[in-house]
Amino acid sequence: MSDRRLYVSFKIAEICNLVCDYCYFFFLGDESYKEHPKLISAATVEAVGQFLGEGARDLGINTVAVAMHGGEPLLVGKKRFTDFCEILERTVNPHTRLAIALQTNGVLLDEEWLRICGRFKIRVGISLDGPKPVNDRSRIDRKGRGSYDKIVRGIRKAQQAAADGVIEPPGALIVIRPDTSAREIYRHVVHDLGLKRLDFMLPKDNWDSHSPEFTRFLEGYSLDLLNCWLEDDDPTVNIRSIKQMFAPFLTDVALDVRTNYLADMTEAICIRSNGDVCPDDTLPAVDSTFCTTGFNVHSATLGDFYQAPFWSDIRQTVLRPPEECTKCEWMGVCGGGEIVTRFSKARKFDNPTIYCTRNKLLYGRIREYVLKYIDAAVITERLERSRKLMFGLPAAVPGTNTSAGAPALAVDAA
Ligand code: SF4
C-alpha cells in the first residue's frame with residue numbers, strides 16, 4: 001500500500017478499425033461513445049495530464065499507470081500520439097512516476113510505431129483470440145475480413161523490436177471464445193507465436209447478461225488453462241490473472257498483494273475522449289451511474305472525483321462480500337470476485353461472481369499443486385489471515401462449500 005498506484009484506462013480513440021462482436025466498449029449496452037469525440041484533442045490530453053499529475057501529488061499516489069486504450073488507440077496517428085505522450089510526460093512526471101502502456105489490436109503496428117513506444121518506454125500489449133480460425137471468427141474488420149494475418153505481422157515486428165532492445169517483449173491479451181480449447185490457444189500463443197506475457201480475459205458479464213452455458217464452459221476452460229500452464233512448467237511464461245491467484249498461497253507478502261488487489265479495484269479509473277472521468281471502464285456497461293459521473297478533467301480535480309458518492313458504494317462492495325461468500329473457504333483470496341461480474345439489477349453487487357464455481361475449481365487446483373511444496377498448515381494459516389485481514393470474518397471450515405463446484409482434478413501437473 002506504500003506504493004500507491006493509479007491505473008488509468010485512457011480512451012484516446014473511441015473508434016476502432018475492427019468490429020469484434022463481443023467488445024464491451026461498443027456492443028454491451030453503453031452507447032456513450034456515440035456522443036464523444038472519435039479522437040481525443042491535445043487540449044483534453046493537457047487537462048488529463050494536469051488532472052493526473054496534480055491529483056497524484058495531492059493524494060500521495062506514487063505511480064500513475066496510463067494505458068493508451070480505445071477503441072483502437074493507434075487510430076490517433078503517430079504525430080498526435082507522440083504529442084500526447086510528450087504532454088503526459090511534461091504534466092505528470094514533475095509530480096509522480098508515469099508509466100505508459102499501449103493496448104492495441106496490432107493491425108497498424110509498424111517499425112515507426114514501435115520506435116515511438118521505445119522512446120516513451122511504453123509496454124505493448126496486443127489483443128488476439130488464438131489461431132487464425134478462432135481469431136477470425138470474431139476479430140473482423142468492417143468488411144468481415146479476419147485480422148489474424150495483420151495481427152501476427154504486428155506481433156512479429158514487436159518481437160523484432162524487443163530483440164533489438166527498442167521495447168520490452170510484447171504481451172498478449174486473449175478474449176476467451178465459446179467452443180475453443182484452452183490448450184490449443186495456449187500452445188499457439190506461447191509455443192507458435194512465442195508470447196510469454198499474457199492474460200486471458202473472461203467476458204465482463206453479469207448475472208443479467210451472462211449465458212449460463214458459456215459460464216459453465218469457462219469453468220472447464222480455465223482449469224484446462226491452469227493445468228496446461230503447470231504442465232509446461234516454464235517460469236518465463238506469465239499468465240497474469242492466474243499468477244495472481246497463486247500469490248496468497250505462496251507467501252505472507254500475498255496479504256499485501258491481496259490488499260493491493262482490493263485497492264486496485266478502487267484505484268482503476270477510466271478517462272474518455274471528451275475528458276469525462278468514471279470508475280473502471282467495465283462498470284458503465286452495468287449501470288449508467290458509473291458512466292455519466294458528472295466529473296470531467298476540464299473542471300474537476302482527482303480529489304473531487306474521489307469524493308463522488310458512488311465511490312463509497314464501490315468500496316463497500318469490495319470490502320463487504322455477499323452473504324453467500326461469508327462461509328466460503330476461499331473468501332480471503334476471492335473476496336466475492338470481480339465486482340462487475342457480481343452485478344444484477346435486482347441485487348446490485350450483492351451476489352457472488354458469476355465465475356464463483358470457476359474460482360473454486362482454480363483455487364482448489366492451486367492448493368492441490370502447492371501442497372506438494374508447502375505444508376498444509378502453513379497454507380491454511382495464510383488463507384485464514386488473509387480472510388481476517390480483509391473482512392474480519394471467522395474461519396470457514398475447509399471443504400465446506402467447494403465440493404459442488406470442484407470435481408476431481410483430471411490432470412496432475414507434477
Ligand atoms: S469462490 Fe464463490 S463463494 Fe467463494 S468467495 Fe468467491 S464468489 Fe464467494
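**Phe120 and helix α4**

Colleague: Where is Phe120 found?
Modeller: Phe120 sits in the loop between α4 and β4. Helices (H or I, at least four residues) and strands (E, at least two) are DSSP runs, numbered from the N terminus. The model is predicted: local features need pLDDT of at least 70, side-chain atom pairs count only at pLDDT 80 or more, and totals for chains, interfaces and linings use all residues. Residues are numbered from 1 along each chain as its sequence is written.

Colleague: Does Phe120 count as buried, exposed or partly exposed, and why?
Modeller: Phe120 counts as partly exposed because 19 C-beta neighbours lie inside 10 Å. A residue is buried with 20 or more other C-beta atoms within 10 Å of its own, exposed with 12 or fewer, and partly exposed in between, with C-beta atoms placed from the backbone.

Colleague: And what does Phe120 touch?
Modeller: Leaving out residues up to four places away in sequence, Phe120 touches Cys85 and Ile100 (C-beta atoms, placed from the backbone, within 7 Å). Phe120 and Ile100 are 20 residues apart in sequence, and their C-alpha atoms are 7.5 Å apart in space.

Colleague: Which residues of α4 are buried?
Modeller: In α4, Trp113, Leu114 and Cys117 are buried. Down the axis of α4 these buried residues fall within an arc of 95 degrees, so they line one face of the helix (the arc is that of the directions from the helix axis to the C-beta atoms).

Colleague: What do they pack against?
Modeller: The buried residues of α4 pack against α3, β3 (97-104), β4 (123-127) and α6 (148-163).

Colleague: At what angle do α3 and α4 pack?
Modeller: Helix α3 (residues 78-92) packs on helix α4 (residues 111-119) at about 5 degrees, and their axes are 11 Å apart. The two helices are therefore roughly parallel (angles under 35 degrees; over 145 is roughly antiparallel, 65 to 115 roughly perpendicular and the rest oblique). Lys78, Phe81 and Thr82 in α3 meet Glu112, Trp113 and Ile116 in α4.

Colleague: What comes just after α4?
Modeller: Just after α4, Lys121 takes a positive phi of about 50 degrees.

Colleague: New topic: which residues come nearest to the ligand?
Modeller: Of the 13 residues around the ligand, Cys325, Cys328, Cys334, Pro352 and Cys356 come nearest (C-beta atom, placed from the backbone, within 6 Å). Two or more residues of this shell are given by α13 (331-334) and α14 (356-370). The largest share, three residues, comes from α14.

Colleague: How many helices and strands does the chain have?
Modeller: The protein chain has 15 helices and nine strands. Of its 414 residues, 43% count as buried.

Note on methods
Axes are lines fitted to C-alpha atoms, for helices over the stretch in contact, and angles run from 0 to 180 degrees between N-to-C directions. Two residues are in contact if their C-beta atoms, placed from the backbone, lie within 7 Å.
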